[in-house]
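Thanks for sending this one over.

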Amino acid sequence: MPEACTVTSVALVEDDQATRERLCASVRAQESLRLVAEYRSGAEALAGLSSRAPDVLLVDLGLPDMSGLELIRFAAQRYPQCDILVISIFGDEANVLAALESGARGYLLKGSLQHDIAFDIRDIRNGGSPLSPVIARQMLKRLRIPGREPLARSGGEDETMLTPREGEILNAISRGFSYAETAQMLGVSVGTVHSFLKRIYRKLAVHSKTEAVFEANRLGLIR
């Protein structure tokens with residue numbers, strides 16, 4: 001018998017009707033995706049997310065009643081296994097960094113959505129971090145600023161040192177391997193990879209995989 005396909009639950013927070021309808025239609029068109037909720041405001045989303053979380057949460061930052069950053073922080077803290085993907089018109093560095101620091105694992109600009117959002121949902125569920133090209137260039141440029149010093153941290157130097165296994169996992173993730181691929185290469189379970197990543201996040205004082213890779217690069221912990 002063929003192996004059953006895993007269905008990914010998706011919720012969307014978007015106040016613009018045309019954008020919301022387009023994204024919802026894209027999700028509904030895929031048998032492997034299931035749209036479980038669509039919210040038109042931050043208040044609606046907070047109420048819905050208080051009782052359940054989707055596998056993937058699509059969030060617009062410019063909501064009519066609050067910043068999408070509040071929702072990202074709420075969802076990331078309450079449901080750490082939920083993959084949060086920002087879809088926004090705001091592409092400035094301040095918003096991008098704030099979203100990633102709050103717990104988003106991907107950031108797409110509405111104007112660059114030339115393909116089906118289902119591809120990005122699959123990517124983020126497989127351990128990827130979808131970024132619009134202009135956002136990725138911003139992040140790389142930020143890493144290359146000459147003379148930029150690592151962020152000051154409290155405590156001893158050992159707090160930011162990664163163990164050999166943590167370094168292997170973060171190196172694999174930074175090279176684009178998914179959680180499942182990383183687990184297979186290192187001979188561990190996907191759950192073990194998640195556990196190590198949580199430790200890495202705590203050591204680097206970050207909240208997302210993308211931010212962990214950027215921070216580890218700045219600190220010279222991975223090559």
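This is a predicted model: local features need pLDDT of at least 70, side-chain atom pairs count only at pLDDT 80 or more; totals for chains, interfaces and linings use all residues.

1. Does isoleucine 124 count as buried or exposed? At 1% relative accessibility, isoleucine 124 counts as buried (buried means under 20% relative accessible area, exposed over 50%, and partly exposed in between, with a 1.4 Å probe and protein chains only). Isoleucine 124 sits in helix 5, residues 117-125. Leaving out residues up to four places away in sequence, isoleucine 124 touches Val56, Asp83, Ile84, Leu85, Arg105, Gly106 and Pro130 (contact means heavy atoms within 4.5 Å).

2. Residues are numbered from 1 along each chain as its sequence is written, and side-chain values use heavy atoms, with hydrogens and water left out.

3. For the overall picture, the chain has ten helices and five strands (these are DSSP runs numbered from the N terminus, with helices being H or I of at least four residues and strands E of at least two). Of its 223 residues, 46% count as buried. Among contacts between residues at least 6 apart in sequence, 66% join residues at least 24 apart.

4. Now the core. The largest nonpolar core has 30 residues, and those with the most contacts inside it are Val13, Leu57, Ile72, Ile84, Val86, Ala99 and Tyr107 (such a core is a set of buried Ala, Val, Leu, Ile, Met, Phe, Trp, Tyr and Cys residues joined through side-chain atoms within 4.5 Å). Leucine 57 touches Ala11, Val13, Leu49, Ala75, Cys82, Asp83, Ile84 and Leu85, not counting residues up to four places away in sequence.

5. The axes of helix 2 (residues 42-49) and helix 3 come within 11 Å and cross at roughly 10° (axes are lines fitted to C-alpha atoms, for helices over the stretch in contact, and angles run from 0 to 180 degrees between N-to-C directions). Helix 2 and helix 3 are therefore roughly parallel (angles under 35 degrees count as roughly parallel, over 145 as roughly antiparallel, 65 to 115 as roughly perpendicular and the rest as oblique). Here Gly42, Ala45, Leu46 and Leu49 of helix 2 meet Leu71, Phe74 and Arg78 of helix 3. These contact residues divide into five nonpolar, one polar and one charged (Ala, Val, Leu, Ile, Met, Phe, Trp, Tyr, Cys and Pro count as nonpolar, Asp, Glu, Lys and Arg as charged, and the others, Gly among them, as polar).

6. The axes of helix 3 and helix 4 (residues 93-102) come within 8 Å and cross at roughly 20°, so this pair is also roughly parallel. The contact is made by Leu69, Ile72, Arg73 and Ala76 of helix 3 with Ala98, Ala99 and Ser102 of helix 4.

7. Leaving aside neighbours within four places in sequence, arginine 78 is in contact with Leu49 and Ser50.

8. Helix 7 (residues 164-174) and helix 8 (residues 179-186) have axes that come within 10 Å and cross at roughly 135°, and are therefore oblique to each other. Arg165, Glu168, Ile169, Ala172 and Ile173 of helix 7 meet Tyr179, Thr182, Met185 and Leu186 of helix 8. The residues of this contact divide into six nonpolar, one polar and two charged.

9. Which residues of helix 7 are buried? They are Glu166, Gly167, Ile169, Leu170, Asn171, Ala172 and Ile173. What covers them includes helix 8, helix 9 (190-204) and helix 10 (209-219). Just after helix 7, glycine 176 takes a positive phi of about 95°.

10. Lastly, valine 190 is found in helix 9 and is partly exposed, at 35% relative accessible area. Setting aside neighbours within four places in sequence, valine 190 is in contact with Tyr179, Ala180 and Ala183.
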